[in-house]
Amino acid sequence: MSEVSTITLSKKDFISDQDVRWCPGCGDYAILSQVQKVFPNLGIPKENFLVVSGIGCSSRFPYYLDTFGFHSIHGRAPALATGAKIANPDLSVWIVTGDGDSMSIGGNHFIHVLRRNFDLNILLFNNQVYGLTKGQYSPTSEIGRISNSTPFGSVDYPFNPPLLALGAGGTFIARGIDREQKHLQGLLYEAYKHKGTSLVEIYQNCWVFNDGAFASLTDREIKMETQLILENGKPMIFGRNQDKGLMLKGSKLEVISLTKKNSINKVMIHDEQNKIQGLLLSELTYDKNYPTPMGVLYREEKPTYETMLHNQLATALKTRGKGDLDKLFNDSHTWEVE
Amino acid sequence: MANKSKNKKNIDRVVIRFTGDSGDGMQLTGNRFTEATAIMGNDLATFPDYPAEIRAPAGSLAGVSSFQIQFSSDNIGTPGDKLDVLVAMNPAALKTNLADLKTSGIIIANKANYTDKNLKLSRWELNPLEDDSLRDYRVIALDMTRLVSNAVEDMDLSVKLISRSTNMFALGLVSWMYDRTLDPTINFIKNKFAKRPELVEVNIRALKAGYNYGDTIEEFQHIITVSKAEFEPGVYRNIVGNQALCFGLITAAEKAGLDIYFAGYPITPASDILQILSGYKNFRVKTFQAEDEIAAIMSVVGAVFCGDLGITATSGPGMALKGESLGLAVATELPLVVLNIQRAGPSTGMPTKTEQADLLQTLFGRNGESPVVVLAANSPADCFSTAFEACRIALEHMIPVVVLSDAFLAHGSEPWLIPQTKSLPKIRTHLVEKPNGFKPFKREEHTLARQWGIPGTKGLEHRVGGLEKDIETGDVSYDPINHEKMMYLRQQKVDIIANDIPPVDPFGDKNGKVLVVGWGSSFGAIREAVNRSRKENHSVGHVHLRHLNPFPLNLGETLLKYQNILVPEMNSGQLLLLLRGKFLIDASGLNKVQGKPLGVDEVYDKIIELAGA
């Protein structure tokens, strides 16, 4: 069949018949729309997409995409995706999760799926709050957060998702934001292209329980000052007039002004495959003295789990021949009773 | 081999227990003796019992490892209650096992290990081999270490190596006493130590030294022989329960035309299932060692959604962790199989000891009304058929199935009539290949099984999840009446399976004084006890349930045909609770929760108590 080479799909092919039930104005709508725009252009037959989620607002995502989907249980989507990818490595598997789902109840599965490097994609909607259960602080909420479960302020230090992912052996770590739709679209393509586990952390505004959490990154007036848009091979510069840059001083990054002549030469060039740079950039997540890195923080090529496993299966078949039950059962001391 | 110069005496059955320190090689010794016994054509049953600690301090009571075998010219179902022979390689082994030895039974001890230090460690005040505390038994105390040392004196070996070969001396001696051939053990040693010829030599010499010792000394008046047992014709091998489960699974996968996806997290006594299956890659078995129990079952849910035969195995604590995920499989109506190799609980309990106390957990241990099919294997060889049946029901009914085994079955062994795989039935699946009229929750009339449309199949795109579903469309629904309908539908899917399983047919008397109803590994003990009481003209029947949910259709009416119902279990009365609750009958229990299998005698005594009343 020549179907694969002639797939013509459009956004509407990926819109399911279910009413979307997120709060009006939720950042999830923008992300859904980008995913529905990207999926038709990946050259994958529609039936080969599998979208898996856990529990939380974001985890309703699969219902709204007209693909194979599984809305599973809290925190366990990576485990379900693991079994699916091993069962059928040809599937394009996408995990949709939130900060509670992946950083708290599903923390264990999150680190292990990254470590194993399955070729699948994780979209981590980070709104720094529990929305579906109505406004408790989350494992990515900043210390001191006043929430329904922390009326005196949280005394809980937050997780830093990219840093956690790096520590877990992640091979593709990126960050986008719901409001920057073109940029996010680009990250979704990159995540798909990466053969390994791709983590895209997406800052997402929950206007009901944590409105404005990322206002400084989306406010037109100041966002050029607060975001560092990463591009591979390009210097790390930012600012309304592209007049600031990050320089490596000792073992730390430092913000420098680019107004002086030749100062651009001191700015660090982004190398996606440099793990130390990835670490330094990840460390900036909560530091108000630095811009927040957006884009691909780190990328590494290494064999995927399912490839290695299926190679073993093929080798076993080749060297041992197709399994023969009768031979196997008799492959021990046997005796005959007449 | 030595010339048998003594008379032979034939008896019906023998029970031997090899005991020693964890490092003394008692499991290996027992397994070798078992293979030789299988070759002799006896029926047999074995029971390995070892501590959870890998190497408890040498010589300590906690470090005692044992392997028991019963072999017979009759058909037997248990490794035996009381021992004819206790091989006690050190004083700790003697201390912990002596109570199970018959009066006038034989003790074979390695005197070299009965040192002051070991005696103190095992809390003997005086050396039992030297005072008269063992006067009720026949004691054969030998310095095996010196005897082996003499046999290899030309070889210049370390004391350590010599003392580690004393298990082969003991095996040789017991083999002589019961007329077992040494050949399979010699072949085994040659293979196992193929790269270390000095180990081959010392082990074979130790084995033969033990054998020849028996032939030479005056101690034994005769060799004991046990005639061949009568078996159904066919080809047999010996098999342990966990191995039989694996064989059942791969057979079912082949009969269903599916790949196996197996995920597990290491847990005693289920770990060997993951280990065994990981070696079957050429049978298209994909195995995954997950990061935890939850990931194991969730990955199975994912693989089953994608069309593999999905299986996970665990024990009680892992079963508790898997609860929510199993509920998801119930809600999404996916065919997966969970093997629960029960062990003594609660909590960590006694990880290597047997118990059958997870029945109620399996039936009811999830949130909401969450019915699953429950089967139980009744002997090591029966694990094959039970695993096959579990896969068949899961696939043909699109439903999760839990198989209950236990530590006793997992590692115990018995002869297995190797099936003709060609004659086993094919297993039907509900896989959908074409989108014509596909609806994920469209059901087959007689099973209520839903359609299985897997990713990669054009036109079948759909979403499932743990939220309640509309009974028609499968879409998310919060409608109250719909929820109640769905709850009853999920229950009906289980109940309907009763039409697809054999009715109970009591063994022995079809009505009368006592019906013994059992499940799981107590099969052998119950069957022997029933046989014994029937020989004494008591009217007794035996029903052993493989299907625990649903029960066979005629179970209720069968129970009414007897005056007394006895339910022996290795728990405080779980099946008993179910039978009393469901059938309103006055059944009584025989309950033992000691981490040990039920014995024939205790079941027999209870039957007589009820039958004589």
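Predicted model: local features only at pLDDT ≥ 70, side-chain atom pairs only at ≥ 80, totals over all residues.
## Domains of chain B

Chain B is divided into domain 1 (7-226), domain 2 (237-423) and domain 3 (507-612). The C-alpha centres of domain 1 of chain B and domain 3 of chain B lie 36 Å apart, and the contact between these two domains involves six residues of domain 1 of chain B and nine residues of domain 3 of chain B. On the side of domain 1 of chain B that touches domain 3 of chain B, three residues are nonpolar, two are polar and one is charged.

## Where the chains meet

The contact between the two chains brings together 58 residues of chain B and 51 residues of chain A. Among the elements that give two or more residues to the side of chain B that touches chain A are helix H1 (26-39), strand E9 (234-240), helix H9 (241-256) and helix H13 (323-332) of chain B. H11(B) gives the most to this side of chain B, with nine residues. Sorted by class, the side of chain B that touches chain A holds 30 nonpolar, 14 polar and 14 charged residues.

## The nonpolar cores

The largest nonpolar core has 199 residues, and the members that touch the most others are Ala84(A), Val301(B), Cys391(B), Val401(B) and Ile607(B). Helix H11 (residues 293-305) of chain B supplies the largest share of this core, with 10 residues. Because domain 2 (237-423) and domain 3 (507-612) of chain B both give residues to this core, it lies between them.

Leaving aside residues up to four places away in sequence, Ala84(A) touches Leu50(A), Val52(A), Leu91(A) and Val93(A), and it also touches Gly302(B), Ala303(B), Phe305(B) and Cys306(B). A second, separate core has 58 residues, including Ala45(B), Val85(B), Ala88(B) and Ile189(B).

## A buried strand in chain B

Strand E3 (residues 43-49) of chain B has seven of its seven residues buried, so this strand is largely enclosed by the rest of the structure. Asp43(B), Ala45(B), Phe47(B) and Asp49(B) point one way from E3(B), whereas Leu44(B), Thr46(B) and Pro48(B) point the other way, and all are buried. In a regular strand, side chains alternate between the two faces of the sheet. E3(B) is joined to strand E4 (residues 64-72) of chain B by seven bridges, and the two run antiparallel; the bridge partner of Thr46(B) in E4(B) is Ile69(B).

## A five-stranded sheet

In chain B, five strands form an open sheet with mixed pairing, in the order E18-E20-E19-E22-E23. Strand E18 (507-508) and strand E23 (588-591) of chain B stand at the edges with a single partner strand each, so one side of each is left without a neighbour in the sheet. Strand E19 (residues 512-519) of chain B and strand E22 (residues 562-569) of chain B pair in the parallel sense over four bridges, and Val516(B) stands opposite Leu566(B) in E22(B). Helix H18 (residues 523-535) of chain B lies across E18, E19, strand E20 (540-545) and E22 of chain B, and it runs at about 170° to E20(B).

## Backbone sites of note

| Site | Backbone feature | Value |
|---|---|---|
| Gly345(B) and Pro346(B) | cis peptide bond | omega about 0° |
| Asn549(B) and Pro550(B) | cis peptide bond | omega about 0° |
| Asn262(A) | positive phi | near 65° |
| Met398(B) | positive phi | about 50° |

Pro346(B) has its place in the loop between strand E13 (336-342) and helix H14 (359-364) of chain B, while Pro550(B) is found in the loop between strand E21 (547-549) and helix H19 (555-559) of chain B.

Asn262(A) is found in the loop between strand E12 (252-257) and helix H9 (275-282) of chain A, and it counts as exposed because it has 7 C-beta neighbours inside 10 Å. Met398(B) lies in the loop between helix H15 (382-397) and strand E15 (401-406) of chain B, and with 23 C-beta neighbours inside 10 Å it counts as buried.

Terms used
Residues numbered from 1 in each chain as written. Chains lettered and ligands numbered in written order. Core = buried A, V, L, I, M, F, W, Y, C linked by C-beta atoms within 7 Å. Buried ≥ 20, exposed ≤ 12 C-beta atoms within 10 Å, placed from the backbone. Domains from an automatic or database assignment. Contact = placed C-beta atoms within 7 Å. Nonpolar A, V, L, I, M, F, W, Y, C, P; charged D, E, K, R; others polar. Pairing = 2+ DSSP bridges. Axes fitted to C-alpha atoms, helices over the stretch in contact; angles between N-to-C directions.
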